[in-house]
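I opened my notebook to look this structure up piece by piece. Here is what I wrote down as I went.

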Amino acid sequence: MTDRGMTLYIAREASKLWRRITAETTIELLLLAEKWKFLLLGLIFQYLHGLAARGVHYLHRPGPILQDVGFAILPELGPEKGYISETVFTFIFFSFFLWTFYPFIFHSKRFYTVLLWCRVLAFLVACQFLRILTFMATQLPGPNYHCREGSKLARLPPPKSVFEVLLINFPRGVLFGCGDLIFSSHMIFSLVFVRTYQKYGTKRLIKQLAWLVVVIQSLLIIASRKHYTVDVVVAWYTVNLVVYFVDKQLPEDIIERNGGNPSPLLPMNGKDARSKEELVKFMNGNSIDNSDWRPRTQVNGKILEDANQVHVDLGMNGA
């Protein structure tokens, strides 16, 4: 291929990519305009969850570390290596976050980003609500190094003002919290993300690697003494059960987009219905004329506009 041909090819592909990003952004903005309240409520609950974790720290009382099978089996990493589990979690979090936006770039897309995050936040809120009830009911002595007897962070002095509690001292208050043990918040996020990719992802190898990474993270959390083994074990079966049942209750509005059918959540009435349908068909790679979108049925070599007319031809043929 000549330099001129290569230049034309790159320009053509760049133009296609820009059109795809523009069309995808338009569709996602339409969905965001309809679903922004659900997303906002989910994000607000993230703050409430952090507020509850901050509040239970004031109730935490350090004490002897409880007997734990995981602590006996897994060697202690020590405070200088505690960053390892946090690094693995950060990798899981940002990898999933970036993956949810891949429909803006790639043509093979199976979901809409806004609708996917609505479901993810629903899973997180349900799991975090149960977590708040659990760690508020019983405060265990924290096994982490900053939660042990003698540490300045093990006990928080009474707050001087309500703003000290409401601001939750982010991110230090999150990284060095105590008392919010059963069950692990890191495992909630990791399992929700992996289960979501298991359902909507396309790469089998990545799915297998994702589950392996979550298992490794579970072991690292225990080895770092950030949680008891029970916190991790309870998270494994609780999160999976919650996601399973919540997913059954939510309407399946994240469609298989390669089927060419527009999302039922896209408003299709009014003067702009035709342009919105064109956007959906463009994103699904469907080049059929928009005036001819209805399903058709073939009978005796004839294409019928409506499947309900099939019985007419059958009657005419003596069937």
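This is a predicted model: local features need pLDDT of at least 70, side-chain atom pairs count only at pLDDT 80 or more; totals for chains, interfaces and linings use all residues.

**Entry 1**

Next I looked up the nonpolar cores. The largest one has 46 residues, and Val120 is among those with the most contacts inside it, together with Trp99, Val192 and Val239. At least two residues each come from helix H1 (3–59), helix H3 (83–99), helix H4 (113–137), H7, helix H8 (204–223) and H9. H4 gives the most to this core, with 10 residues. I also found a second, separate core of 5 residues, which includes Phe45, Ala52, Val56 and Ile132.

**Entry 1: The whole chain**

I stepped back to see the overall plan. I counted 11 helices and 2 strands in the chain. Along the sequence, the pattern reads α-α-α-α-α-α-α-α-α-α-β-β-α. The chain has 319 residues, and 41% of them count as buried. I also looked at contacts between residues at least 6 apart in sequence, and 80% of these join residues at least 24 apart.

I went back to H7 and took its neighbours one by one.

With H4, the axes come within 10 Å and cross at roughly 145°. This crossing is right-handed. On the H4 side I listed Leu116, Arg119, Val120, Phe123, Leu124, Cys127, Gln128 and Arg131. They meet Ser185, Ile188, Phe189, Val192, Phe193, Thr196, Lys199 and Tyr200 in H7. The residues of this contact divide into 10 nonpolar, 3 polar and 3 charged.

With H3, the axes come within 10 Å and cross at roughly 35°. H3 passes H7 in a left-handed crossing. From H3, the contact uses Glu86, Phe89, Ile92, Phe93, Phe96 and Trp99. From H7, it uses His186, Phe189, Ser190, Phe193, Thr196, Tyr197 and Tyr200. I sorted the residues of this contact into 9 nonpolar, 3 polar and 1 charged.

With H9, I asked at what angle the two helices pack. H7 (residues 185–200) and H9 (residues 229–249) pack at about 45°, with their axes 9 Å apart. That makes H7 oblique to H9. The crossing of these two helices is right-handed. In H7 I found Met187, Ile188, Leu191, Val192, Arg195 and Lys199 at this contact. Their partners in H9 are Val232, Ala235, Trp236, Val239, Asn240, Val243, Tyr244 and Asp247. Here the division is 10 nonpolar, 1 polar and 3 charged.

I picked Ile21, which is found in helix H1. Is Ile21 buried or partly exposed? Ile21 counts as partly exposed because its relative accessibility is 22%. Leaving aside its neighbours within four places in sequence, Ile21 is in contact with Phe104 and Ile105. I also looked up Pro103, which is 82 residues from Ile21 in sequence and 8.4 Å away in space, C-alpha to C-alpha.

Then I turned to Glu164, in helix H5 (residues 162–166). At 29% relative accessibility, Glu164 counts as partly exposed too. Leaving aside neighbours within four places in sequence, Glu164 is in contact with Arg54, Tyr58 and Pro159. Glu164 and Arg54 are 110 residues apart in sequence, and their C-alpha atoms are 10.0 Å apart in space.

Which peptide bond is cis, with omega near 0°? I found it going from Ile182 to Phe183. Phe183 lies in the loop between helix H6 (172–175) and H7.

My last stop was Arg225, in the loop between H8 and H9. The phi of Arg225 is near 60°, a positive value in a residue other than glycine. Arg225 has a relative accessible area of 6%, so I marked Arg225 as buried.

Key
Residues are numbered from 1 along each chain as its sequence is written. Side-chain values use heavy atoms; hydrogens and water are left out. Axes are lines fitted to C-alpha atoms, for helices over the stretch in contact, and angles run from 0 to 180 degrees between N-to-C directions. Helices (H or I, at least four residues) and strands (E, at least two) are DSSP runs, numbered from the N terminus. Angles under 35 degrees count as roughly parallel, over 145 as roughly antiparallel, 65 to 115 as roughly perpendicular and the rest as oblique. A crossing is left-handed if the near helix is turned anticlockwise from the far one by less than a right angle, and right-handed if clockwise. Contact means heavy atoms within 4.5 Å. Ala, Val, Leu, Ile, Met, Phe, Trp, Tyr, Cys and Pro count as nonpolar, Asp, Glu, Lys and Arg as charged, and the others, Gly among them, as polar. A nonpolar core is a set of buried Ala, Val, Leu, Ile, Met, Phe, Trp, Tyr and Cys residues joined through side-chain atoms within 4.5 Å. Buried means under 20% relative accessible area, exposed over 50%, partly exposed in between (1.4 Å probe, protein chains only).
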